[in-house]
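Hello,

Here is the structure we spoke about. My notes on it follow below.

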Amino acid sequence: MDDQETELPPPRVLIFPYPAQGHVNPMLKLAELLCHAGLHVTFLVTHFTHCRLLCNSTALISRLTRYSGFRFEAIPDGLPEDDLRSGDRVMEQFRSFRVTAKPLLRELLGSDGGKDWGSGRKRASCIIADGILSFAIDVGEEVGIPVIIFRTTSACAFWAFFCGPKLIEAGEIPFQGNNMDVTIKCVPGMDGFLRQRDLPSFYRARDAANQDLQILLSETLQTTRARALILNTFEDLEGSVLAQIRSHCPQVYTVGPLHAHLKVRLASPSSSNSFWEEDTSCMAWLDAQSPKSVVYVSFGSITMMAKDQLMEFLHGLVCSEKQFLLVIRPDSVVMGKDWVSHLSTEILEGTRERGCIIGWAPQEEVLGHKSIGGFITHSGWNSILESIVVGVPMICWPYFGDQQVNSRFVGEVWKLGLDMKDTCDRGIIETMIRDLMDVRREEFQHSSDQMAKLTKKAVAEGGSSYCNLDCLIKDIRSMGVD
C-alpha cells in the first residue's frame, strides 16, 4: 500500500482567477509557491489574459516553465477582443464572464472525471477559485471536487462586503442624505471608525436592489459553502477582523503577503505578473535621486482618470517641489490622449525638472528602491501589501470596489499614511505630499518600518503566514489521496 501511494503523481490544483490584473497577480504567485512545493497546477485564464501575460511577463513565463507540473488553460471571456476591460466596463466584463465561464468550467472538469491533465491524474484534486466566482463551488459540488475560495481583497474589505445584508436590514444602505462622514454601526469590529465614504464603492448605489451591489454581496456570502478561504494578508495586520470572519468561515488560511514568500522561499528578487510592458528605464532615473526623496504615483490596472483630475495631480506634484515618478497607464485618461497640450509652461518645466512619467512600472522593484519616500496609490490590495513589505508610507486615492475600505485602514487604523478619498484638488494633493514627505515624515516612516518588520516575521520560517501556507499545502495533498 505504501509503495502504491508513493508512486501516485502529485495532486493537481486548478487555480481559477477572475481575469483582472489585481486578481491574476496574487493567484499566480500562489501557483508558483504551490509548484515550488511539488504540487501540479493548472492555471485557468481567459484568452485575453493569457495573451497579455505571454506578451508582457517574459520573466514570469521563464520562472513557471521550469516547473513540469505547471500549465495554462485558456477560455473566452465573452467580450470583443478590443474591449477596454477597465473603468466603467469592469462590471460589464464581470457579468459577461459569469455567464460565459460556468459551462466552460463544467466542461473542462466534466462529471466523468474531466480531461487528462498530463500528470498521470485525470482529475483535479481541488479547485482554488477566485472569491467572486462562486459558480465554481456549484461546479465543484456537481463533479465532486472540493473548492477553496481565494478572496484577493483585504480581510477588512471582505468583512465589509460580508456584512452588507445587515447594513441593508438596518437601513444604513442606501445612504440617507449627503453627509458621507456618518459613522457605520453594523460592521462589527469597525463600528468606531468606519464611515459611509469608507464602505466599498458598490454601497453608494441609490437602491439596495442595485444589480451590481447584490451580485457582490451574494458572491461574498457564498464563501461559507467552500471548503476553506484563502486571504492574502497576515495575522498581525488584520487579526481583529480575521476573528470576525472566522466566526462564519472557520477554515481561513492567511498566507500573505504572497510576493514576500517568493522572496523568502525562492529567493526571487521580484515577481511581476504584469498585463502591460514595464518601462524599466525609470530605474536609472531613480538611481540618480537622493534617498527617500521621490514620490511614486500609480493608480493601478483599472482606474480611469478624467483629464482634469490628472491636471490636479500634476499641479499638486509640481508645486510640492518633490521629485516624482508618475505612471500613466495607456488609455487610462478619459478623452485625454492630448493632455500634454493642456499643461502650462510652469507645469511642463516643473515636470521636466523633477518628474519622470512612464506608461507602466516594475512596481515591486520601484517601491523597494532607496530613493522612494512615499507612494500615492489607488489603494488596491496588492499595491498596499507591496508598499507595506518595504516600509513605504502612502497617500491613498481610492477608485473602486474594496479600495475605499483599504484606504481608511491605511490612514486611520494602521497609521501608514493619509487617506485622500473623494477629493482631487491640487492644493490638498500638495499639502498631503508635504505632510507625508516632510511634516509628518518621521511619524509615518516609523509606523511603516514597524509594520514591515511584522511582515518579515510573518513570512519567515515559523511565522504565521509561513506556517499557514505549509498547512494549506498539506491539506491540498490530503485531498489528492485517491
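Phe-158 and Phe-162 both sit in helix H7 (residues 155-162), four residues apart, or about one turn of the helix. Helices (H or I, at least four residues) and strands (E, at least two) are DSSP runs, numbered from the N terminus. This is a predicted model, in which local features need pLDDT of at least 70 and side-chain atom pairs count only at pLDDT 80 or more, while totals for chains, interfaces and linings use all residues. Residues are numbered from 1 along each chain as its sequence is written, and side-chain values use heavy atoms, with hydrogens and water left out.

Phe-158 counts as buried because its relative accessibility is 0% (buried means under 20% relative accessible area, exposed over 50%, partly exposed in between; 1.4 Å probe, protein chains only). Phe-162 is buried too, at 10%.

Another aromatic pair is Phe-299 with Trp-397, edge-to-face, at 5.2 Å centre to centre and 65° between the planes. Rings of Phe, Tyr and Trp (its six-membered ring) pair if their centres lie within 6.5 Å; planes under 30 degrees apart count as stacked, over 60 as edge-to-face and the rest as tilted. This pair links distant parts of the chain, 98 residues apart: Phe-299 is in the loop between strands E8 (294-298) and E9 (305-306), and Trp-397 is in the loop between strand E14 (394-396) and helix H17 (403-413). Phe-299 is buried at 6% relative accessibility, and Trp-397 is buried with a relative accessible area of 6%.

Strand E2 (residues 40-46) is mostly covered, with seven of its seven residues buried.

Regards
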